Amino acid sequence: MRAILTYHSIDESGSVISISEEVFREQIVWLARSKVRVVSLDTLMRMPSDANAVALTFDDAFVSFGDVAAPLLADHGMPSTLFVVADAAGKTNRWPGRRDRGVPELPLLGWDALGRLPAQGVEIGGHTRTHANLARLTNGRIQDEVVGGAERIKREIGHMPAVFAYPYGAVSDDAVGIVASRFAWGCTTDMRWVSANEARALLPRIDMFYLRNRGQLERWGTARFRYRLSWRAGARLVRRHFHDVTGGRQS
Ligand SMILES: [Zn+2]
C-alpha cells in the first residue's frame with residue numbers, strides 16, 4: 001500500500017487542520033519502527049504499486065512545522081514535502097476573503113526559515129500565491145496564482161518547486177492543465193491510497209485529520225484500516241455534495 005499523507009498544523013487546538021504534538025510524535029516513531037518506508041513524493045510515485053511506503057506532506061507551511069516536525073523528521077532521516085503559500089510566508093493562514101469556522105489563525109514560516117529547510121530533507125512545493133480556490137478563477141488568474149507563486153518561491157529560496165498542492169483540493173480543467181505543464185506532480189485532497197496508474201497532476205492524499213487519534217495510523221494496511229478509509233472517503237464525498245448543493249463552503 002502506497003499513500004501520500006497530508007498534515008497541516010501541529011497544535012493542541014483540536015481543529016480540523018490540527019494534530020496534537022503527542023500523537024504526531026507517536027506516529028513518526030511508529031513509522032520509523034514499522035515496515036512502512038517513508039520516502040519523498042517523487043520516490044513514492046516511482047515505486048511499484050504494491051510497495052509499502054508513504055510520503056509525508058504538510059500544507060500551508062505553519063510555524064509548527066519548523067518548530068516540531070522538521071527537527072523530528074530530520075532526527076529520523078525522513079524526507080517530507082512542505083507546500084508554501086508564496087505571498088503569505090511570514091504572515092498567517094487568514095486567507096484573503098475567507099473566514100473558515102473552526103480554523104484557528106496561526107503563524108506561517110518566513111522565507112529565512114523556509115530557505116533553510118531543503119538542507120534538512122524538506123522539499124518546498126507550491127500552494128499558489130494566496131491560497132486561492134482555483135476552481136473559481138479564470139485561466140489568467142490561475143496562471144498568476146500557480147506559476148507566479150512558484151516563481152516567487154524560486155526568487156526567495158533559489159529552487160523552482162517541482163510539486164504542487166491545490167488549496168482546498170479544488171481543481172478545474174484549466175488548473176490541472178497548468179499544474180501538469182509546470183510541475184512533476186500535483187496533489188489533491190482525493191482521499192485514497194495511490195494506485196498503479198495515477199494522473200500525474202491529480203494525486204490522491206490521505207488527510208491525517210481522519211487519523212488524528214492515538215493508534216489509528218498504527219493499524220496501517222489492515223482490513224479494518226482500509227475499510228475505515230473507504231468509509232471516511234465516502235462520507236466526505238457526500239458532505240461535499242451537500243455543501244455544493246446548498247451553496248455552502250467546501251472543507
Ligand atoms: Zn492549504
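Biologist: How do the axes of helix α5 and helix α6 cross?

Modeller: Helices are DSSP runs of H or I with at least four residues, numbered from the N terminus. Axes are lines fitted to C-alpha atoms over the stretch in contact, and angles run from 0 to 180 degrees between N-to-C directions. Here the axes of α5 (residues 139–157) and α6 (residues 173–182) cross at roughly 30° and come within 10 Å. Because angles under 35 degrees count as roughly parallel, α5 is roughly parallel to α6. This is a predicted model, in which local features need pLDDT of at least 70, side-chain atom pairs count only at pLDDT 80 or more, and totals for chains, interfaces and linings use all residues. Residues are numbered from 1 along each chain as its sequence is written.

Biologist: Which residues make the contact of α5 with α6?

Modeller: Two residues are in contact if their C-beta atoms, placed from the backbone, lie within 7 Å. From α5 come Asn139, Ile142, Gln143, Val146, Val147 and Ala150, and from α6 come Asp174, Ala175, Ile178, Val179 and Arg182.

Biologist: How many residues of the contact of α1 with α3 are nonpolar, polar and charged?

Modeller: Ala, Val, Leu, Ile, Met, Phe, Trp, Tyr, Cys and Pro count as nonpolar, Asp, Glu, Lys and Arg as charged, and the others, Gly among them, as polar. In α1 (residues 21–33) and α3 (residues 63–75), packed at about 20° with axes 11 Å apart, Glu21, Phe24, Arg25 and Ile28 of α1 meet Val68, Leu72 and Leu73 of α3. Five of these contact residues are nonpolar, none is polar and two are charged.

Definitions and conventions: Helices (H or I, at least four residues) and strands (E, at least two) are DSSP runs, numbered from the N terminus. Angles under 35 degrees count as roughly parallel, over 145 as roughly antiparallel, 65 to 115 as roughly perpendicular and the rest as oblique.
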